Amino acid sequence: MRKPVIFGMSILMVLCSLATAADRFVPDAYPTIQAAIDAAASGDSVVIRPGTYSGTGNRDISFKGKAITVRSLLGPNTCIIDCGGVGRGFLFETNEKNTSILQGLTIRNGTAVFGGAIECYM
């Protein structure tokens, strides 16, 4: 008599290895940087196209503890976060690690009691 063979674990491992990180483009697919971060999963990148970003969803931005990269497409001279004097650019406040990466942005006109551009809590 033949014994049934269970492949469930093998199939699960293959499916997990097929998952790939996504690039989430602002403003193409997401209207704000925060909306793209909210939709991102670990390993994803939020890629910000050239322009000046301001207003709700583009200031006081939180990574929400996610291991993601938020970066400009073409570097800090082309991608500006303008806080408009109403808050800061980014908050690292949810146990982010060195896998939460912010890269290639200019942050200006941030205002807060501590840290007008970026505030990090340990």
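The chain has a mean pLDDT of 87, with 83% of its residues reaching 70 or more, where pLDDT is the predictor's confidence in each residue, from 0 to 100. Over residues 4-17 the pLDDT is below 50, and beyond near neighbours in sequence this stretch has zero contacts in the model, a contact being defined by heavy atoms within 4.5 Å. Where pLDDT is low, the predicted coordinates should not be read in detail. The model is a predicted one, in which local features need pLDDT of at least 70 and side-chain atom pairs count only at pLDDT 80 or more, whereas totals for chains, interfaces and linings use all residues. Residues are numbered from 1 along each chain as its sequence is written, and side-chain values use heavy atoms, with hydrogens and water left out.

Two helices and ten strands make up the secondary structure of the chain, these being DSSP runs numbered from the N terminus (helices, H or I, at least four residues; strands, E, at least two). From the N terminus on, the elements follow the order α-β-α-β-β-β-β-β-β-β-β-β. Of the 122 residues in the chain, 34% are buried, that is, under 20% relative accessible area, with exposed meaning over 50% and partly exposed in between (1.4 Å probe, protein chains only). Among contacts with a separation of 6 or more, 72% are accounted for by residues 24 or more positions apart.

Four strands form an open sheet in the order S1-S2-S5-S8, with parallel pairing, two strands being taken to pair if DSSP finds at least two bridges between them. The edges of this sheet are strand S1 (23-26) and strand S8 (101-103), each of which pairs on one side only. Neighbouring strands of the sheet are turned by 15° against each other on average, direction ignored, as given by axes that are lines fitted to C-alpha atoms, with angles running from 0 to 180 degrees between N-to-C directions. Within the sheet, strand S2 (residues 45-48) pairs with strand S5 (residues 69-72) in the parallel sense over four bridges, and Val46 has Val70 in S5 as its bridge partner.

Cys83 lies in the loop between strand S6 (79-82) and strand S7 (90-92), and counts as buried because its relative accessibility is 1%. Residues up to four places away in sequence aside, Cys83 touches Arg59, Arg88, Gly89, Ile107, Arg108, Asn109 and Gly110. The C-alpha atoms of Cys83 and Ile107 are separated by 7.5 Å, although the two residues are 24 residues apart along the chain.
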